[in-house]
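Me: I would like to learn how to read features in a protein model. Please take them one at a time, with the general idea and then the case.

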Amino acid sequence: MSNTTKSLSEIIHARHSVRKFDSSFSISKEEIENILSEATSAPSSSNLQPWKFIVIQDAEVKKELRAIAYNQEQVETASAVIAVLGDTEMYRNAEQVHQSSLEVGFIDEDRKKLLIDNVNKAYPYAPFEARANIATFDAGLISMQLMLIAKEKGYDTVTMGGFDKQKLIEKFNINERYIPIVLIALGKAAAPAYKTTRLPIEQLVQFV
Ligand SMILES: Cc1cc2nc3c(=O)[nH]c(=O)nc-3n(C[C@H](O)[C@H](O)[C@H](O)COP(=O)(O)O)c2cc1C
């Protein structure tokens, strides 16, 4: 289904929120892993990569998730629903992230120590809300990448904020370190997305 001839601009304009999916169509675990892996090239604050994913493919679980997502049909009919979680203790990733840069020769020991010290001086002492804001913003960046990568591969998506976060936490036993950000339904469109417009650029931009 890959379509490598499309430009980024074409993909951006082709992506719209699909809410009718072919419920008989499945996407393999490997392909979803591949989409997620590509999406992790997204930037993040101090490269701490504050995201986790729960991929729901099981029909029964999708049915239960539909109830948590205020009965939104696409939750049950999409091939998979990806719950994007933000990691509010992202500073715990610093050692692994910079060790990996060291091992491939991008940084030396001194730089690694400096980068980790900088993280450890700031992030653990920041209020929970500040860390949640960072995690939410970064999870938004990776979500956007995910949607465009999926589109490039011939799939469609819809991002959903309309779900009961507390119920999702209980259903999947999500550790309090993580906060649910969005659900992304992924699959093969059975009907086109509604057409949408955007505000005129003149209204949004100020050149100084
Ligand atoms: C954070 C976020 C939450 C959203 N929540 C929902 C949702 O719960 N249900 C839904 O059908 N669409 C949801 N959407 C999709 C928007 O309605 C959609 O992106 C917007 O109308 C623009 O349309 P387009 O994506 O087709 O270009 C959400 C989008 C975002 C970015």
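Me: Where is the place of Leu-199?

Reply: Leu-199 lies in the segment after E4. Helices (H or I, at least four residues) and strands (E, at least two) are DSSP runs, numbered from the N terminus. The model is predicted: local features need pLDDT of at least 70 and side-chain atom pairs count only at pLDDT 80 or more, while totals for chains, interfaces and linings use all residues. Residues are numbered from 1 along each chain as its sequence is written, and side-chain values use heavy atoms, with hydrogens and water left out.

Me: Is Leu-199 buried or exposed?

Reply: Buried means under 20% relative accessible area, exposed over 50%, and partly exposed in between (1.4 Å probe, protein chains only). Leu-199 has a relative accessible area of 57%, so Leu-199 is exposed.

Me: Which residues form a nonpolar patch on the surface with Leu-199?

Reply: Patches are made of residues with over 30% relative accessible area and no salt bridge; like charges are joined within 9 Å, and nonpolar side chains (Val, Leu, Ile, Met, Phe, Trp, Tyr) within 5 Å. The patch consists of Leu-199, Ile-201, Leu-204, Val-205 and Phe-207, and together they have about 580 Å² of accessible area. Such areas come from the Shrake-Rupley method with a 1.4 Å probe; for residues, only the protein chains shown count as cover.

Me: How many residues has the largest nonpolar core?

Reply: In soluble globular proteins, nonpolar side chains tend to be buried together. A nonpolar core is a set of buried Ala, Val, Leu, Ile, Met, Phe, Trp, Tyr and Cys residues joined through side-chain atoms within 4.5 Å. The largest one has 23 residues, and Ile-32, Ile-82, Leu-146, Ile-184 and Leu-186 have the most contacts inside it. Two or more residues each come from H2, strand E2 (80-87), helix H7 (128-152) and strand E4 (178-187). H7 gives the most, with seven residues.

Me: What is Ile-82 in contact with?

Reply: Contact means heavy atoms within 4.5 Å. Leaving aside neighbours within four places in sequence, the partners of Ile-82 include Ile-32, Leu-36, Phe-53, Leu-146 and Ile-184.

Me: Which residues of helix H5 are buried?

Reply: An α-helix has 3.6 residues a turn, so residues three or four places apart point the same way. In H5 (residues 94-103), the buried residues are Ala-94, Val-97, His-98, Ser-101 and Leu-102. Seen down the axis of H5, they fall within an arc of 135°, so they line one face of the helix. The arc is that of the directions from the helix axis to the C-beta atoms. These buried residues pack against helix H6 (109-122), whereas Gln-96 and Glu-103 are exposed on the other side of H5.

Me: How many salt bridges does a search of the whole structure find?

Reply: Side chains of opposite charge can pair when their charged atoms come close. A salt bridge is a side-chain nitrogen of Lys or Arg within 4 Å of a carboxyl oxygen of Asp or Glu. The search finds 11. One of them joins Lys-29 and Glu-33 (4.0 Å, N to O). These two are four residues apart in helix H2 (residues 29-39), so about one helical turn separates them. Lys-29 is exposed at 52% relative accessible area, and Glu-33 is partly exposed at 48%.

Me: What does Asp-156 form a salt bridge with?

Reply: The partner is Lys-151, and the closest N and O atoms are 2.8 Å apart. Asp-156 counts as buried, at 10% relative accessibility.
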